[in-house]
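Here is a short report on side-chain packing. Look over the sequence and the model before reading on.

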Number of protein chains: 2
Amino acid sequence: MSREEKKNEIFRAASQVFFSKGFEKTKIEDIAKQAGIGKGTVYEYFESKLQLFEETIAFYHQNVINSLCEALARWENIGDKIKAYAQFMTEIISNHIHLFELMADSRVMAREMGAVILESNIRMGDVLLEAVTEAISKGELRPDLEPRLITSTILGTVTQYCSLKIMFSEPETQKIDYDRLVDAVMRGVGAEAISNQTS
Amino acid sequence: MSREEKKNEIFRAASQVFFSKGFEKTKIEDIAKQAGIGKGTVYEYFESKLQLFEETIAFYHQNVINSLCEALARWENIGDKIKAYAQFMTEIISNHIHLFELMADSRVMAREMGAVILESNIRMGDVLLEAVTEAISKGELRPDLEPRLITSTILGTVTQYCSLKIMFSEPETQKIDYDRLVDAVMRGVGAEAISNQTS
DNA sequence: AGGAACTGACTGACCGGTCGGTTTTGATTC
DNA sequence: GAATCAAAACCGACCGGTCAGTCAGTTCCT
């Protein structure tokens with residue numbers, strides 16, 4: 001086995017362990033055991049735990065992005081691409097379902113602060129769901145869409161948009177045009193569209 | 001200061017430190033110092049670091065949820081509520097901007113595996129953005145919406161919906177109807193809506 | 001006075017990284 | 001194809017630093 005192959009072997013073991021336990025709780029020894037080698041050997045290939053982690057994540061991301069590109073390239077029109085993306089996400093989420101499961105268990109949630117944010121998201125989703133359900137019964141939103149889907153649309157769009165805007169915009173363009181955002185969201189889920197629907 | 005007030009004082013210090021460093025890197029001593037008390041005193045109020053963390057998170061979530069409820073209740077129709085929600089999210093994200101900033105720095109990213117998932121999301125967003133831009137130029141998507149907004153809509157909706165579906169559905173209803181999902185997403189961002197637009 | 005609240009030096013478990021020693025490999029010679 | 005050997009790969013016991021949790025002693029309050 002070449003040096004490169006061996007490294008990939010370690011990457012595979014490392015991503016498995018890192019993803020199931022998180023960085024801090026992962027012992028180099030765990031990774032070594034998973035890869036079927038001794039602890040010291042890991043240090044023949046990587047200088048430190050942090051370096052191993054960083055390279056492992058890069059390895060993982062590269063794989064994911066490559067697969068996504070392939071999946072999207074397989075289709076011509078955007079509808080099919082969205083569908084492919086949705087299926088891809090489902091695959092990924094399912095593969096990392098244990099991470100989500102861990103989050104639900106607050107003892108383990110302690111491992112990841114990121115989980116706290118997601119947990120917030122879920123709870124907020126519940127709050128929104130209530131508002132959505134009420135709005136449907138008042139005829140403000142399309143009654144033919146599952147309330148949870150509408151909620152996801154709102155929550156997902158808003159969260160994503162605000163996050164990206166804040167993280168990546170130049171300060172001068174960072175101001176969020178909320179009316180425009182709401183308008184865009186409402187088009188998909190709002191009642192005004194009902195009259196134009198064929199389905 | 002009553003016992004309850006003192007606890008809240010510790011909660012405030014704890015959430016500050018936990019959020020800025022993550023669970024593992026937070027030392028009880030840091031929290032004690034932040035709260036202006038001795039390390040041992042913390043253990044008069046909480047049995048363990050984990051228990052302190054869990055209660056702190058509960059305290060934090062309760063505050064967030066309460067504020068969100070208030071913000072939503074202030075408005076009557078769903079459009080205003082969505083807008084209020086978007087503003088609320090911006091506020092939260094801004095308050096935790098340092099967490100996002102940390103993520104970008106891969107040395108620190110090591111702290112949180114959750115960050116890895118978000119980083120994936122961002123990278124996938126770039127991939128999607130390309131497809132979206134192309135689709136706009138081909139007339140498949142509405143040209144009057146910012147490409148990034150369309151991307152957020154797709155990415156956010158899909159991610160949220162798939163996650164929630166997988167996490168919270170009964171197995172028998174867990175199957176995702178992708179066509180329906182795509183259909184709902186496309187309604188908001190698709191070209192077919194252009195002809196029906198007044199704006 | 002006496003108990004409640006507070007304190008920080010200390011202890012023991014834990015784990016990243018090291019290092020001296022062992023095994024494997026593969027090139028070279030006979 | 002067997003013998004030799006040096007270098008590369010491998011290994012895990014060990015070291016040293018870190019920190020959650022303890023506890024004996026101090027301060028504060030009633």
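## Contacts of Leu52(A)

Leu52(A) is in contact (heavy atoms within 4.5 Å) with Ile10(A), Ala14(A), Phe18(A), Ile28(A), Ile31(A), Val42(A) and Phe46(A), leaving aside residues up to four places away in sequence.

This is a predicted model: local features need pLDDT of at least 70, side-chain atom pairs count only at pLDDT 80 or more, and totals for chains, interfaces and linings use all residues. Residues are numbered from 1 along each chain as its sequence is written, chains are lettered from A and ligands numbered from 1 in the order in which they are written, and side-chain values use heavy atoms, without hydrogens and water.

## Nonpolar cores

A nonpolar core is a set of buried Ala, Val, Leu, Ile, Met, Phe, Trp, Tyr and Cys residues joined through side-chain atoms within 4.5 Å; buried means under 20% relative accessible area (1.4 Å probe, protein chains only). The largest core has 19 residues. Ile10(A), Phe18(A), Ile31(A), Ile37(A), Val42(A), Phe46(A) and Leu52(A) touch the most other members. Helices H1, H2 (28-35), H3 (39-45) and H4 of chain A each supply at least two residues. H1(A) gives the largest share, six residues.

## Aromatic pairs

The whole structure holds six aromatic pairs (ring centres within 6.5 Å) over all chains. Phe11(A) and Phe59(A) are stacked (planes under 30 degrees apart), at 4.9 Å centre to centre and 25° between the planes. Phe11(A) lies in H1 (residues 3-21) and Phe59(A) in H4 (residues 49-73) of chain A, so the pair ties together parts 48 residues apart in sequence. Both Phe11(A) and Phe59(A) are buried.

How values were computed
Phe/Tyr/Trp six-rings, centres within 6.5 Å; stacked < 30°, edge-to-face > 60°. Helix = DSSP H or I, 4+ residues; strand = E, 2+ residues; numbered from the N terminus. Buried < 20%, exposed > 50% of the residue type's maximum accessible area, 1.4 Å probe, protein only.
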